[in-house]
Amino acid sequence: MITYRTSQPGDRAACLLTANAAFSKPGAPVDFAAMLPKVYGEDRPMTAPHEIAVDDAGKVLGLVGVLPGTLCAGGRTLKTGYLGTMGVHPDARGLGVMKELMTRMVADIRDMGCDLTLLDGLRQRYEYQGYTPAGIAWHATVCRDNVHHALKGLDASGVTFAPILPGTPLEEEAAALHRRRSARFDRDALGFATVCRSYGGQGWAALRGGELLGFLVADRRDAQLTDLCAPDVLTADLLLKAWLEQREVDEVRLRLPDWEQPLLRHLATWAEELSLQQAVNARILHYAPVIEALLRLKASYTRLQDGTWAFEAEGQRVTIRVQQGQVTVTPDAAHPVPLTGLEANRLLLYPFPWEGMPETVPGWFPLPLYACAPDGF
């Protein structure tokens, strides 16, 4: 018989065994403890609650975890739940374990009071639970040739990179710079340096004369920059040029949010490639606060057309108003457009036009949701 329950701290070892077995492939083993120290590190057993399935012998057959978080955007704080480690042991596949675990976890997230829930994975697999591809992620490729020609007059000498380690003054300086961003996931609760180490990443502080210029997070090959934080485009250029000059890579790929408009416009003038994709899979649970926070964020970097629009979904009525760049969202509506939960989430979050899309005020949507690899689960 299969029993479903919430994990306890003592389940860490059994959960890791199942997670590693579920995601490993021949010749490509997975070690979740090393890959996600912010969740499974020895110093923090099971910081993320899990729903697990166990057999009569106590073996964990499947699991789904949720990482509680905080998204600060548009002058608001949103409570988030990021789902991850969604796996079933090879011996238990085909028994409906994941469907039941996901149903239980979505209920848990509602009980936690989350405004928004996110996950990574195949679109149709999680669309049954109301998730849709969401937000905007820009991908840029910068190669040595770009730097040689476009940044030839920029002096990057004296720029050095130091690893950001837990408990150091450099960690606090980088964390303080992160906190000054216009939108961010909180990293303090789990430790800034530890968060940067997610999925084999490493945080690097860019220094010149002992002064922190900015920071980046790179993968093991130094070719994928999953986070880049600089106070202005000139400093970003310095970081990119110095990185390519000092690392044994021919090009780097960056992933950036839509609200980094000055940097994106700047990169469009000299980077090798710039493309747009959805950022994450997401489901809004409380529409009014999420829309208000993310639409205010969007209004901070692009002009929004004045207008009013109202809808009803999942028992929530919402009216959105924009007047002279000021966004107000109220949990009421006199004549709302009726939508299913999936329709509402797709309308608000999906970055591409789609068949049957309801008419709204042009330019309001998609909302600029974004999560980089260090902030994921």
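Me: By the salt-bridge rule, what does the count come to?
Reply: Keep in mind that this is a predicted model. The rule asks for a side-chain nitrogen of Lys or Arg within 4 Å of a carboxyl oxygen of Asp or Glu. Counted that way, the number of salt bridges is 20.

Me: What separates Glu 127 and Arg 123 in helix α5?
Reply: The side chains of these two residues meet in a salt bridge, with N to O at 3.5 Å. Glu 127 and Arg 123 are four residues apart in helix α5 (residues 123-127), so what separates them is about one helical turn.

Me: Is Glu 127 buried or exposed?
Reply: The cut-off to remember is that buried means under 20% relative accessible area. Glu 127 has a relative accessible area of 19%, so the word for Glu 127 is buried.

Me: How many residues apart in sequence are the parts that Arg 187 and Asp 375 tie together?
Reply: Arg 187 and Asp 375 form a salt bridge, and their closest N and O atoms are 2.9 Å apart. Arg 187 sits in the loop between β9 (183-185) and α8 (192-196), while Asp 375 is in the segment after α12, so the parts they tie together are apart in sequence by 188 residues.

Me: Which residue forms a salt bridge with Asp 222?
Reply: Asp 222 lies in the loop between β11 (211-218) and β12 (224-229). Its phi is near 65 degrees, a positive value in a residue other than glycine. The closest N and O atoms of the salt bridge are 3.6 Å apart, and the partner of Asp 222 is Arg 247.

Me: Which residue in the turn between β16 and β17 has a positive phi?
Reply: β16 and β17 pair in the antiparallel sense over seven bridges, and Phe 311 stands opposite Val 318 in β17. The two strands form a hairpin with two residues between them, and the turn residue with a positive phi of about 55 degrees is Glu 314.

Me: What is the bridge partner of Glu 312 in β19?
Reply: β16 also pairs with strand β19 (residues 337-338), in the parallel sense over two bridges. In β19, Glu 312 has as its bridge partner Pro 338.

Technical notes: Residues are numbered from 1 along each chain as its sequence is written. This is a predicted model: local features need pLDDT of at least 70, side-chain atom pairs count only at pLDDT 80 or more; totals for chains, interfaces and linings use all residues. Side-chain values use heavy atoms; hydrogens and water are left out. Two strands pair if DSSP finds at least two bridges between them. Buried means under 20% relative accessible area, exposed over 50%, partly exposed in between (1.4 Å probe, protein chains only).
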